[in-house]
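Biologist: Could you take me through this model and tell me what stands behind each label you use?

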Amino acid sequence: MESRDKVIVRVSIIGILANLALVIFKAVIGLLANSIAIILDAINNLTDMLSSLVTIIGAKLAAKKPDKLHPLGHGRIEYLSAMIVAIIILSAGVGAGVKSVENLLDPKIPDYTPIGLIIIAAAVIVKLLLGLYYRKKGHEVNSGALTASGTDALFDAVVSISVLVSAIIFIATGFNAEPYVGVLISILIIKSGIEIMMETLNEILGQRFDRDFLKEIRATICAEEPVQGAYDLILHSYGPDRYMGSVHVEIPDTLTAEQIDELGRRIEESVYVKHGVILTGVGIYSVNTSDDTVVKLRTEITHLVNSHDDVIQMHGFHVDKTNSRAYLDLIMDYENKDYEERFEALCDEIRTAYPTYEWILTQDIDF
């Protein structure tokens with residue numbers, strides 16, 4: 001099976017060759033027809049070539065093996081390459097906008113030829129196919145840079161269609177729509193660059209992982225006996241498909257250290273095999289099972305907490321009867337702007353209802 005970085009490089013090379021042909025044809029047609037819109041379209045294809053080149057370099061660097069300075073690999077370089085692609089697109093959009101405004105103030109009369117229009121129409125088809133191909137492969141190998149290039153290529157198809165429409169309008173009516181089309185082209189390019197940049201920034205900053213993905217991992221963990229619940233699942237991305245994380249599991253307080261060790265190893269193996277996630281730690285929440293009084297208390301606390309609509313989850317309940325301490329983690333709904341005050345109020349309610357214990361209550365994060 002072809003490796004991920006080889007797929008990215010191969011697809012990018014195809015894009016470079018296709019865009020090189022489009023640049024040559026469009027530049028020649030644009031100069032001969034005195035069409036600023038076609039010339040801008042050619043420049044846009046030139047930026048696509050640069051984007052593909054950046055994607056190749058990024059994929060090669062990201063595929064480097066871990067070293068002493070980067071023990072977790074170089075996968076995050078792909079986010080930087082996607083950011084560079086976004087900057088290239090933005091620069092092209094701004095440049096196109098400046099040229100379009102100049103043409104709007106001092107319009108040039110274009111001179112289209114049938115052959116030129118046919119080539120532009122062919123370019124639309126090429127860009128559509130290239131954009132769909134980029135996006136398909138980008139989703140297959142989870143490459144943000146490839147997906148971004150695919151989105152840009154589809155925008156280019158829209159741009160070429162706009163140029164073709166303006167040419168047809170000019171031939172049919174004599175009205176020169178090129179300056180306005182040029183402005184529209186620049187706006188579309190800038191919009192595309194901003195969207196790609198924001199998406200990449202979210203990846204770099206650390207956005208929330210897909211909830212379905214997290215649910216699948218929790219389900220895999222809970223399928224291991226005798227796990228009673230999986231909580232505090234935190235993942236970190238070190239590049240596309242390179243995830244590391246940790247989790248807490250609730251297990252009965254009757255397990256031995258050897259049984260807990262074996263369980264932790266099984267969980268780590270199953271999560272890696274099924275989801276490709278490396279769990280660097282499996283923390284333990286001990287569930288009281290041998291004391292009926294504590295079991296009853298847990299049930300009562302559960303009912304009390306569930307009576308509050310702004311509590312998303314409770315976990316980590318444990319009672320240390322020797323020291324008269326009780327532990328509980330609560331996750332509040334961030335949709336309620338007063339969630340911190342609501343947490344404190346709930347803590348007071350629990351302490352007042354059950355004053356026998358020293359309550360260690362933690363406001364946990366909704367991951």
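**Labels and their cut-offs**

Modeller: Let's begin with glutamate 140, which counts as partly exposed at 48% relative accessibility. Buried means under 20% relative accessible area, exposed over 50%, and partly exposed in between (1.4 Å probe, protein chains only).

Biologist: Before we go on, what kind of model is this, and how are residues numbered?

Modeller: This is a predicted model with residues numbered from 1 along each chain as its sequence is written. Local features need pLDDT of at least 70 and side-chain atom pairs count only at pLDDT 80 or more, while totals for chains, interfaces and linings use all residues; side-chain values use heavy atoms, leaving out hydrogens and water.

Biologist: How confident is the predictor, and where is confidence lowest and highest?

Modeller: pLDDT is the predictor's confidence in each residue, from 0 to 100. The protein chain has a mean of 83, and 97% of its residues reach 70 or more. Confidence is lowest in helix H2 (residues 36–62), with a mean of 76, and highest in helix H8 (residues 257–275), at 94. Helices here are DSSP runs of H or I with at least four residues, strands are runs of E with at least two, and both are numbered from the N terminus.

Biologist: Back to glutamate 140: what makes its pairing with lysine 137 a salt bridge?

Modeller: A salt bridge is a side-chain nitrogen of Lys or Arg within 4 Å of a carboxyl oxygen of Asp or Glu. For lysine 137 and glutamate 140, the closest N and O atoms are 3.4 Å apart, so the pair meets that definition. The two are three residues apart in helix H4 (residues 114–140), and so separated by about one helical turn. Lysine 137 counts as buried, because its relative accessibility is 16%. Lys136, Lys137 and Glu140 are linked in a network of salt bridges.

Biologist: How many salt bridges does a search of the whole structure find?

Modeller: The search finds nine. One of them joins aspartate 261 and arginine 265, whose closest N and O atoms are 2.8 Å apart. These residues are four apart in helix H8, so about one helical turn separates them. Aspartate 261 is partly exposed at 39%, whereas arginine 265 is exposed at 54%.

Biologist: What does the salt bridge between arginine 325 and glutamate 358 tie together?

Modeller: In that salt bridge the closest N and O atoms are 3.3 Å apart. Arginine 325 lies in strand S5 (residues 325–332) and glutamate 358 in strand S6 (residues 358–364), so the pair ties together parts that are 33 residues apart in sequence. Arginine 325, at 34% relative accessibility, counts as partly exposed, and glutamate 358 is partly exposed at 40%.

Biologist: Why is asparagine 19 called buried?

Modeller: Because its relative accessible area is 1%, asparagine 19 falls in the buried class. Asparagine 19 sits in helix H1 (residues 4–33). Contact means heavy atoms within 4.5 Å; leaving aside residues up to four places away in sequence, asparagine 19 touches Asn45, Asp48, Met49, Lys127 and Leu130.

Biologist: And serine 192: buried or exposed?

Modeller: Serine 192 is buried, since its relative accessible area is 1%. Its place is in helix H6. Again not counting residues up to four places away in sequence, serine 192 touches Ile89, Thr151, Asp152 and Phe155. Serine 192 and aspartate 152 are 40 residues apart in sequence and 6.7 Å apart in space, C-alpha to C-alpha.

Biologist: How do you know that strand S1 is largely enclosed?

Modeller: Seven of the nine residues of S1 (residues 229–237) are buried, so the rest of the structure largely encloses this strand. Two strands pair if DSSP finds at least two bridges between them. Tyrosine 231 has histidine 248 in S2 as its bridge partner.

Biologist: What is the phi of aspartate 232?

Modeller: Aspartate 232 has a positive phi of about 55°, although it is not a glycine. This residue lies in S1 and is buried, with a relative accessible area of 10%.
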